[in-house]
Amino acid sequence: MVVTDVKLAVRDLNILYGSQQALSGVSLDVHEHEIFGIIGPAGSGKTSFLRTLNRMEMLQENMTVDGSIVFDGHDISEIKNVYALRRRIGVVFPLPVGLPLSIYDNVALAPRLSGIKDKSALDEIVEQCLMRAALWDEVKDRLDVLGSLLSGGQQQRLTIARALSQDPELLLLDEFSIAVDPVTTMRIEDVLKELKEEITIILVTNLVQQARRLADRTAFFLDGKLIEVGETEALFSGEVKDRRTLDYLEGRFG
Amino acid sequence: MTHSEGDGGVSGPSLMFAATPLNTRNHRLQWLFRALFGLMTLILVVPVGIIFGVLLVRGGPAISFEFLFSYPSDGMTAGGIWPALVGTIWLVAVSLVASVPVGVAAAIYLSEYASDSWLTRGINLAIINLAGVPSIVHALFGVGAFVIFAGFGTSILAASLTLAVMTLPLVIVATRESLQAVPMAFREACWNMGATRWQTIRTVVLPNAISGILTGVILSVSRTAGETAPIMFTGAAFFFPFLPTSVFDQTMAMAMHLFVISTAVPGAPDELKYGTALTLITLVLLMNAGSIWFRSYLRGKKKW
Ligand SMILES: Nc1ncnc2c1ncn2[C@@H]1O[C@H](COP(=O)(O)OP(=O)(O)OP(=O)(O)O)[C@@H](O)[C@H]1O
Ligand SMILES: [Mg+2]
């Protein structure tokens, strides 16, 4: 096996909402340039896990996190400039959030926030990100239309374009295909496979087959615990350490 | 569409959509409530219509270029209302300059920055109570705080600040409500991009709350222009036949002038009183129309 660089090292992560434990004792590594899949039933803590990676718990009063998360060799709890951390991590939510700005401004927002003012540079970022998110052809003639007036699936691709506009090193996708039709989902999946060459992707998905198609390795969460992590192919071919993983993968659950 | 087993042989599209007794009842109820709510709306409009109608009929003839732009004469039993008109505009303008920035900033703090603690809950309660304080109490506060303590004397500044304190809750509450109506997901999307709270407020939250903020402004303009008590002891003069030149001058004001000629000037013709009231209402309507136009202009531009 090739030695891979660790992009993200999580150790003994616990997440609490008030006194309710949402995640307990999770340890895992995410390697550079891989798509890391996370699967698990509703309420297993997948979204909570993603939220802690860019320190969104700071903005949620009842949420507490302990354990260590090391991103690119830096313990993120010690990073003072969390804004810089968040800019390096792109996030796509399950439900599309087209900001009530024009399509152009939606995608140009992050670059602008980080200080890019040059019009032609922004134009290029906007075009490139919309292309990558498979939305460019549909909106190139109406970039000044409000992003929030696009269809649900288009807004989701706009959200992806916006996440890419940050030029992130790590992309977190939380059930991105819920509001997207199958054809577009396939197109985006192809884009993700290409993106893997440049960045690291964590893909939370409810579609077991999507994890199989995309993820190099997959983690299975259940009731706030990490049941196991393994090479996706191995897991799907039945090489599991825990019976419950196989049950979930084969849809025998509950 | 297929029929279920329990259809009892009845078939055909026309019967499928026949109204059941429950449907009919719901329909009647819906009609009833619609009529009821419509009636309430009408009841609301009736007093406004009557007031405006009476003022128009009885005060309309008094309105003339002469009336609007000349000074009162003959011990305020004749002449115009120009200094009062100008004075009211001064009072409204200066008090908005004070109340809008403070009120909007306070609302932003309460809704976007402050955590939910006993302190913020206390502040919110205080704001609601401030809205319930009688205007004469505001007047006394204004005399103590602005006229005497701050040393502004009886002046436009003291009167406007008193009015500003009085209308602050309107601005704060309207702004806070409209900020909270902006979906949380918008903020989270920005925060995830590495935006600071202030960047998020400036780019996404405020532009979408602006129309609610303007509603607060509209409400406070009406109150500011119409109140008499808060300005009576703080800056409005009984009779002051000059135009103010600075905020440290006293001034006449429409609401005060109306009060004076109605209660303290024997022999002032009714026409003068109705004319003054009509002008005051029209002035408020014009200012409101301006903000409403501006608000719908902004609404047309931004939507989600
Ligand atoms: N803001 C919150 N306050 C309190 N509890 C929360 C909050 N958000 C999530 N939880 C709880 O934490 C647990 C994990 O939730 P999380 O959203 O991480 O699950 P998930 O795996 O993403 O589920 P899904 O597949 O449905 O998206 C759940 O029990 C949930 O009720
Ligand atoms: Mg989730």
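## A salt bridge between the chains

R51(A) and E188(B) join their side chains in a salt bridge, with 3.3 Å from N to O. This is a predicted model, and the rule finds one salt bridge across the interface of chain B and chain A. The cut-off for such a pair is 4 Å between a side-chain nitrogen of Lys or Arg and a carboxyl oxygen of Asp or Glu.

Polar contacts also cross this interface: three residue pairs are found, with both residues at pLDDT 80 or more.

## Extent of the interface

## The shell around ligand 1

Ligand 1 is surrounded by 15 residues, and the closest are G43(A), K46(A), T47(A), S48(A) and Q60(A). Sorted by class, the shell holds four nonpolar, nine polar and two charged residues.

Some side chains in chain A place polar atoms by oxygen atoms of the ligand. For T47(A), a polar side-chain atom lies 2.6 Å from an oxygen atom of ligand 1. For S48(A), the distance from a polar side-chain atom to an oxygen atom of ligand 1 is 2.5 Å. In the side chain of E175(A), an N or O atom is 3.3 Å from an oxygen atom of ligand 1.

## Cover of the ligand

On its own, ligand 1 has 640 Å² of accessible area, and the protein covers 65% of it. The elements that give two or more residues to the shell are β2 (20-31) and α1 (46-53) of chain A. The largest share, three residues, comes from α1(A).

## Salt bridges over all chains

Over all chains, the count by this rule comes to 25 salt bridges. One of them is between the side chains of E169(A) and R88(A), at 2.7 Å from N to O. E169(A) lies in the loop between α6 (152-165) and β7 (170-174) of chain A, and R88(A) lies in the loop between α2 (82-87) and β6 (89-92) of chain A, so this pair ties together parts that are 81 residues apart in sequence.

How values were computed. Residues are numbered from 1 along each chain as its sequence is written. Chains are lettered from A and ligands numbered from 1 in the order in which they are written. This is a predicted model: local features need pLDDT of at least 70, side-chain atom pairs count only at pLDDT 80 or more; totals for chains, interfaces and linings use all residues. Side-chain values use heavy atoms; hydrogens and water are left out. A polar contact is a pair of N or O atoms within 3.5 Å; within protein, one must be able to donate a hydrogen and the other to accept it, and residues adjacent in sequence count only if both atoms are side-chain atoms. A residue is near a molecule or strand if one of its heavy atoms lies within 4 Å of it. Accessible areas come from the Shrake-Rupley method with a 1.4 Å probe; for residues, only the protein chains shown count as cover. Helices (H or I, at least four residues) and strands (E, at least two) are DSSP runs, numbered from the N terminus. Ala, Val, Leu, Ile, Met, Phe, Trp, Tyr, Cys and Pro count as nonpolar, Asp, Glu, Lys and Arg as charged, and the others, Gly among them, as polar.
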